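Morning, everyone. Please bring up the model, and we will walk through a few of its strands and helices.

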Amino acid sequence: MKYLSLLQLLLLICTVSSTTFAQDPVQETAEVFFPEKVVLALNHPYYNFSINDAYLKGMKYESTLGEAEVKKHYRTTVPQVSMMGNPMENSDSYEYEMRSAKLMGIDGFKFEFRPLGTDYYINQFKKIFSAYMKVAEDKNIDFKFSIAIEMDRTQNIPVSYLLMKVENTLNELFKSTNYSKKWLRTGNNKVIVFTKFTQKVIDEGLEKKYTKQFLADPSLMKKVADVYTSLKKGLNDDVAFVYQGDFIGNNRFMHQVLDHFPAIYTLRGIQSYEVGMDRLAEVCKKRNRPFIQSVYSDLQGANRHSVKTNRIIQNTNTTDKETFVKAHNYKMTSDLRKLLEKGLKRDADMMFVSSWNYYDNGSHFAPELHHGYGLGLILKYYKNKWLDGNFESHEDMVFTSFKNYLPGELNQNNGVQIRFRNKEKYQLQDLDSVEVVTVLKEGGDVYFNEKYLGFAPKGIHAFYVEKEKGKMQVKVKRDKNTVVDYTVPKQIIGKEDKTDFITYTFSNLDRSYAQLNQNIILDNEMHRMRNRFLISKDDEIKWRLSASKRFLDNLQAMYDYGSFSSKCLDMQEKNYKKYKQQIKEILPEFNYGIWLELEESAMNNEGIPIVEDNLNEALKGYNILPEYTKQK
């Protein structure tokens, strides 16, 4: 009898042990969540340069910085792609966006989806998302795609209706993309779907201070998770939902989330709460969960806000005195570098870039008039360090960043006023400085306008020097040899009517990367020209050189005269006439006539109109990113 009871005891221990240590499905998915480290960037589906499905008016100089539209939205962004050529076929445009992003170290796009949007919006979203993935498949581009679903609703909208819209859209996307491997997937092949306002699928989650109830009653988080579990059952592909963490000051709450969701991600407004972010990273590590680091550039949005309401204005008749622009960052690329360093220190499993092409928000990484390729090259440097701790740069890079006005001139003109969000952090020397960042393969002495700044060690280093009117030149000397001699293409002029508070960032590699980007476009364009006009290889080389010169000349014209629309447009017209003459020398007269007709038709294409034009609702709910405030 003794022997039998001992056997029974051993069996009981084994049973209890296996129950205790068996992994639940959430933990099992969490531990293989990101098979590899990836950088994901938020993509605005309408800010590409395609003929049919882009908001071209919001991307061209003539209707942004150059003309009256700036008075309506105070737009100061001019995407470089709009100067590289004409609006493209949709597939060519999507290919450009992906390949351009890859040059800057971005591995995939995340698209925000609002299931309660209009039918037109939902159909457009499905069309563009599926087309992006098809291009990636057809062109064999190593790129991933994900969706963030906004679960925002009011109490009068039944959650069943919201879930039905989500289920139908996701299933249609799975089907239209043939359940592609281009979806961002976990190691056990689940599609990663991010959620926004995750808790709003239950009524208790609709309240602003919902966390108080959730902490008091842990069953509420399970109730939220059960809604997503029920949603999964109706989906035609296996899905892992990611929780949006907007309350990271309490470890107990984060543990509640991770009891039911495999991962948490945070948006940009939370990053300044460093203590909370460090706690989240620690909790994720203890729970063997992925940690996702959010990074952004400088948040220098050019949206005008109402003095009365503090909200972004949409009223065309609002005067300058009734509006202001929010000033956020005073030390140029410091926020970006700090967040990337935090990602390395916290051993992040994924980096999430807050914006690839949300131009209205000013936090975009896509090459543009104000910052070219500098932000992307800084991102790429840190990404390489993230993937390989022993990585060192193989080339010497310098970055100069500045605000285009002189010390003491801010708010001294007749333009829109700049208001400071964090006055206690405002330092005049930061605002009135040029930031010089070096990324060197070996240490060297750094000079700015022939003045010695100091020794920059191998790797990344930053200097700050007081702004002066005129040109900016950076030199790096090593062993008595000048290894970098770079003159910034834009000068500081000051005394402008309107203060443009967006940070300008230039690098010594901008021109070579600009040509790499334009070649993405020209590769497709020259393929069509060969088929259409049977041009020779020599003529193709001439054509490429002409197109490249026109682009770089237009870019320089905007650096020199961008704030003076008539002068800048005159320069662009002169450059266009030279370009046409060069193409006329390549093509026979009949073929030239055909080309010119196609060229000018594409140039005049305006794409889809903005919602305020009342022609359709293409951009409704998609014009800006909501602003998030820090929650502790």
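Start with strand S19, residues 504-507. Tyr 504 and Phe 506 point one way, Thr 505 and Ser 507 point the other way, and all are buried. Buried means under 20% relative accessible area, with a 1.4 Å probe and protein chains only. Strands here are DSSP runs of E with at least two residues, helices are runs of H or I with at least four, and both are numbered from the N terminus.

A word on the source. This is a predicted model, where local features need pLDDT of at least 70, side-chain atom pairs count only at pLDDT 80 or more, and totals for chains, interfaces and linings use all residues. Residues are numbered from 1 along each chain as its sequence is written, and side-chain values use heavy atoms, leaving out hydrogens and water.

Who partners S19? Strand S11, residues 397-402, runs antiparallel to S19, joined by four bridges. Two strands pair if DSSP finds at least two bridges between them. Ser 401 stands opposite Thr 505.

Next, an open sheet. Its four strands run in the order S15-S14-S17-S18, with antiparallel pairing. S15 (451-456) and S18 (481-487) stand at the edges with a single partner strand each, so one side of each has no neighbour in the sheet. Inside, S14 (residues 444-448) and S17 (residues 473-478) pair over four bridges. Phe 448 stands opposite Val 474 in S17.

Last, which residues of H16 meet H17? Among them are Trp 543, Arg 550 and Tyr 561 in H16, and Lys 567, Met 571 and Tyr 579 are among those they meet in H17. Contact means heavy atoms within 4.5 Å.

Terms used: Buried means under 20% relative accessible area, exposed over 50%, partly exposed in between (1.4 Å probe, protein chains only).
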